[in-house]
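This report goes through one protein model, from the whole chain down to a single residue. The sequence and structure come first.

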Amino acid sequence: MIAAILAKGICLGLLAASFSAHPAFAANDVAPLANPSRSLSAHQGAAAPATTASEYRAKRANFERERASQDARHVADWVVDSGDNRGLPFVIVDKTDAKVFVFHADGRLRGAAPALLGLAVGDDSVPGIGDRKLATIRPEERTTPAGRFVAALNPDLHGEEVLWVDYKAAISLHPVITSNVQERRLQRLDSPAPLDHRISYGCINVPAEFFKSVVHPAFTGTNGFTGTYGIVYVLPETRSAQKVFASYDVDERERLQTASPPLSALVVSQSGTHIAK
């Protein structure tokens, strides 16, 4: 039982070079919530705001001059327009491009950086993987799961702070680990080829300075309770973003809303309301 508890908290990518010293996340170190980093169904997110055509003004994320994929922009715009992030800072993890974007709650970009991701292509974690030892995890099981996650800052067993993304699957976003020089993780981060960024056991590795100067302040002091929470959206690579998040296209919604007949075109008479010819 003790071994299962210790294994559950491990960030699968923290000490990949050392299977004999399997790190763990102490039960006493977790946040006050029973499960601080839980995956949420897309249908638990915010629905499209209910407005009339004359009231609707689309909101979009501001990527500044940062290059981003169409899927990253689609999800970020939807998050801002729908309010799915519930007034919290949010992160977009683009697995296809191996890139992380961190946003203020209102959709302004805080910063972006390359990332290392799970070795295997896939959008789901193997059931129970968070309770297993690293040595038992096969290469094809080393995935970074896609989805919407409530994320929290917490220390690992060694006191190093990480952003726990999917606590149950032991997936976190943390500074790049360089203990195994043969993995060449720093060189992989600098590589322009996304395939070179697939190396971890599932965790999301980012440059140490980026974690310190962008991720940490973004998730500190973010609410009136503990001040360490935000939303992480990990984009899928085997399914569509619309299917995973139940998102909508902001540009299309704006077009449809503005194309609707204005309220002034409605004529009210004793026989009822009809559109004027």
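## Basis

This is a predicted model, in which local features need pLDDT of at least 70 and side-chain atom pairs count only at pLDDT 80 or more, while totals for chains, interfaces and linings use all residues. Residues are numbered from 1 along each chain as its sequence is written, and side-chain values use heavy atoms, leaving out hydrogens and water.

## The chain

The protein chain has 6 helices and 13 strands (DSSP runs numbered from the N terminus: helices are H or I with at least four residues, strands E with at least two). Of its 277 residues, 48% are buried, meaning under 20% relative accessible area with a 1.4 Å probe, protein chains only.

Among contacts (heavy atoms within 4.5 Å) with a separation of 6 or more, 67% join residues 24 or more positions apart.

## Helix α2

Helix α2 covers residues 70-82. Of its 13 residues, 10 are buried, including His74, Asp77, Trp78 and Asp81. The cover over these buried residues includes strands β2, β3 and β11 and helices α5 and α6. Just after α2, Gly83 has a positive phi of about 75°.

## Leu117

Leu117 lies in strand β5, residues 117-118, and is buried, with a relative accessible area of 0%. Beyond its neighbours within four places in sequence, its contacts include Val93, Asp94, Thr144, Cys203 and His197. The C-alpha atoms of Leu117 and His197 are 6.1 Å apart, although 80 residues separate the two along the chain.

Technical notes. Buried means under 20% relative accessible area, exposed over 50%, partly exposed in between (1.4 Å probe, protein chains only). The expected span of a helix is 1.5 Å times one less than its number of residues.
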